[in-house]
Every structure is written in structure tokens, then in C-alpha cells.
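I open this notebook to record what I looked up in the structure, entry by entry. The sequence and the coordinates come first.

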Amino acid sequence: MKDRWFDDAAGPVVRPYAMTRGRTRSSAEEAPLDLIALVIADVDGEEDVQDDHSLAPEHVDIVTYCRRSSLSVAELAAELDLPVGVVRVLIGDLVKAELVHVTRPVPPAELPDESILREVINGLRAL
Amino acid sequence: MVFGRSKRSGKAAPAEPVTLKILVAGGFGVGKTTLVGAVSEIKPLRTEETLSEAGRPVDNTEGVEAKSTTTVAMDFGRITINEQLVLYLFGTPGQDRFWFLWDELAQGALGAVVLADTRRLEDSFAAVDYFERRGIPFTVAVNCFDGAERYPLETVREALDLDGEVPVMLCDARRRESSRDVLVSVVEHAMHASAQAAAAAASREPATT
């Protein structure tokens with residue numbers, strides 16, 4: 001694609017929100033997914049998503065990445081080179097379809113307990 | 001379209017990893033992405049988030065609708081502490097005048113690093129102010145640029161008008177050990193702050209449990 005007029009500098013050919021069919025919010029989630037929420041592929045959903053015509057290519061990419069290892073919302077957005085808002089909507093679709101589920105990070109205004117923080121400190125010191 | 005999928009049977013899920021985040025803030029070009037890169041196990045990734053907020057006076061938007069939208073880029077890295085614990089670091093390249101839109105990113109943050117350059121200390125004011133107001137524990141790390149004059153840390157503390165409890169340290173954001181020490185300081189400070197908050201809450205409501 002590089003030698004044609006629609007190179008990377010020209011911006012995306014498909015506007016990001018076309019992938020979400022104009023949705024800016026996921027219907028599945030009451031609150032927006034946190035950037036560090038982990039998206040985990042559901043283990044028994046091993047069927048081939050490639051042939052699933054109900055899914056967009058970006059949906060398939062997300063499932064494929066997450067089956068390799070759980071990734072955060074931020075990492076998926078970076079890997080797919082899509083705005084976080086778009087990725088959130090796509091993940092919402094996959095949650096609804098029960099292909100993935102999402103972890104809830106520690107709620108705001110609530111620090112993780114001391115034992116976790118100690119673990120973090122020890123882990124960092126070992127770097 | 002993703003309809004008509006059969007319900008999957010429940011399964012015993014393994015314990016899911018806990019994810020935590022630390023923010024790395026500071027003025028333009030102060031070394032945020034360098035610090036993230038020094039400790040991250042992955043090459044720092046970039047992602048973009050569209051933020052919108054109604055009616056905040058960002059620029060002179062006379063004649064334009066009151067709702068402002070801006071795209072903010074974030075560089076981030078990851079440190080896997082162990083299978084159950086993953087720490088993400090988020091830095092903000094440029095765009096510092098949009099700090100006040102960052103509530104969403106700041107939500108649930110364990111703590112923050114404010115990177116400072118003694119040649120332009122005023123660039124750190126916005127970040128210091130932001131974390132102070134939201135009660136997010138932070139460490140001020142003075143990035144020691146080659147050729148920049150070294151000042152005593154107490155001078156930096158005074159110049160930034162920091163509370164006595166806020167850790168201030170020197171660092172070299174290019175060095176892994178140095179950046180790691182800054183992160184350790186943030187987590188220790190967060191632990192201390194949460195213990196204090198718990199003690200304060202306990203003294204306010206005696207004998208409820």
C-alpha cells in the first residue's frame with residue numbers, strides 16, 4: 001500500500017468509527033473500560049473466529065491477540081493502531097459475544113492492599 | 001454483528017492478574033518516555049485517547065460549541081512483577097496543557113512521578129498541582145541532564161512548594177536502576193499515604209467495627 005496515494009501519512013482510509021458503526025460507547029459496559037483492564041480470551045471459546053462472519057476483522061484481531069496472552073485495553077489499542085475509544089467498543093462486542101472477558105482494576109479512590117504494594121516494591125527492586 | 005451465540009458454560013477461571021498503573025508526568029521533553037522505556041519490559045507503546053469535556057475554557061472557542069474534544073497521545077510501558085501482578089506506566093508526551101482532562105487516566109492510579117528539569121522547573125508546576133489537588137501520591141524526580149546545574153533537593157522542594165512528605169530525589173531517566181528507584185519511592189509513598197488515610201479514618205469513626 002505504501003506506493004499508492006493513501007499511505008500512512010494520508011491517515012486511515014477507513015475512519016476509525018466506521019469500524020464501530022458509529023458507536024462511541026459500548027452498550028455492554030456501564031462504565032468505560034479502564035486502560036489497564038485486562039482482556040482475557042475465554043478458554044473454552046477455542047472455535048475458529050476467522051470464519052465467524054458476525055465479527056469484523058478488528059474483532060478477530062483482538063481475540064487472536066488475547067488468546068496468545070491477556071493484554072490490557074491500552075496494549076490492544078497500540079497493537080491495532082486504533083484509538084482507545086474504538087477498541088473499547090470492539091471489546092464490548094466481544095464481551096457480549098462471550099469470546100473474552102475483562103478484569104476490573106482496583107476501583108478509583110481505593111488503593112490495593114498493603115501486601116500487594118509490598119509485592120510491587122519487592123518486584124521492582126529485583127529488576 | 002455479534003448475535004446468536006450460544007451461552008458458554010461456566011468454568012473455574014484461574015485467578016486473574018491484578019493490574020496497577022503509575023503515571024509519569026512533567027514538562028515537555030523532560031524525559032518521561034525515556035523513564036518509561038528504561039524500566040519497561042516492552043518497547044514503549046503509543047496509544048491515543050480522545051478526551052472530551054463540556055464547557056471547559058481550553059482555548060478561545062468563541063462561536064464554537066462549548067464541548068471540547070482533544071486527542072491525547074500516551075506512551076506506556078509494562079513491568080510484569082509476577083504472574084498475578086502487572087504494573088503499567090503511562091507517560092504523556094507533550095500536550096501538557098491538557099493535563100486537566102486527564103481525570104480518567106488518573107483514576108485508580110497507584111501514584112505518579114513528576115519529572116523535573118531544574119532549568120525549567122516551572123514546567124512541573126501543572127503536574128504537581130494536579131496530583132496535589134486529587135490526592136494522588138507522587139514523587140518528584142529531578143532528571144539530571146548533562147550540563148544542567150545541580151541544586152540541593154531542598155531548594156527544589158522549596159521552589160515547587162512541596163509538602164514535607166513528598167519525596168524528592170535525583171534521577172537519571174536513561175538508567176534502569178535509577179528509574180526503578182523512582183518507582184519504588186512512588187509505591188512506598190503511596191503505601192505510607194494509604195496507611196495514614198486509614199489511620200485518620202479510624203480515628204474519625206471510633207468503635208464502628
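**Entry 1: a sheet in chain A.** I began with strand β1 (residues 38-41) of chain A, which is joined to β3(A) by three bridges, the two strands running antiparallel. I note that the model is a predicted one. For A:Ala41 I looked up the bridge partner in β3(A) and found A:Val100. I then turned to helix α1 (residues 57-68) of chain A, which packs on the sheet and touches β1, β2 and β3 of chain A. The direction of this helix makes about 85° with that of β1(A).

I next asked in which order the three strands of this open sheet in chain A are arranged. The order is β2-β1-β3, with antiparallel pairing. The edges are held by β2 (71-72) and β3 (100-102) of chain A; each has a single partner strand, so one side of each is left without a neighbour in the sheet.

**Entry 2: strand β6 of chain B.** Is strand β6 (residues 138-143) of chain B mostly covered or mostly open? I found it mostly covered, as six of its six residues are buried. I also recorded the directions in which the residues point from β6(B): B:Phe138, B:Val140 and B:Val142 point one way, while B:Thr139, B:Ala141 and B:Asn143 point the other way. Residues of both groups are buried.

**Entry 3: the partners of β6(B).** Strand β5 (residues 111-116) of chain B pairs with β6(B) in the parallel sense, over five bridges. Within this pairing I located B:Val113, whose bridge partner in β6(B) is B:Thr139. I followed the chain from β5(B) through helix α3 (residues 125-134) of chain B to β6(B) and noted a right-handed β-α-β crossover.

Strand β7 (residues 168-171) of chain B also runs parallel to β6(B), and four bridges join the two. Here B:Ala141 stands opposite B:Met169 in β7(B). The chain passes from β6(B) to β7(B) through helix α4 (residues 153-160) of chain B, and this β-α-β crossover is right-handed.

**Entry 4: the contact of the two chains.** I looked up how many residues each chain gives to the contact: 39 come from chain B and 41 from chain A. On the side of chain B that touches chain A, β1 (18-26), β2 (45-54), β3 (67-82), β4 (85-91) and α5 (176-204) of chain B each supply at least two residues. The largest share, nine residues, comes from α5(B). By residue type, this side of chain B divides into 20 nonpolar, eight polar and 11 charged residues.

Key:
Residues numbered from 1 in each chain as written. Chains lettered and ligands numbered in written order. Predicted model: local features only at pLDDT ≥ 70, side-chain atom pairs only at ≥ 80, totals over all residues. Buried ≥ 20, exposed ≤ 12 C-beta atoms within 10 Å, placed from the backbone. Pairing = 2+ DSSP bridges. Right-handed = clockwise from strand over helix to strand, strands pointing away. Contact = placed C-beta atoms within 7 Å. Nonpolar A, V, L, I, M, F, W, Y, C, P; charged D, E, K, R; others polar. Axes fitted to C-alpha atoms, helices over the stretch in contact; angles between N-to-C directions.
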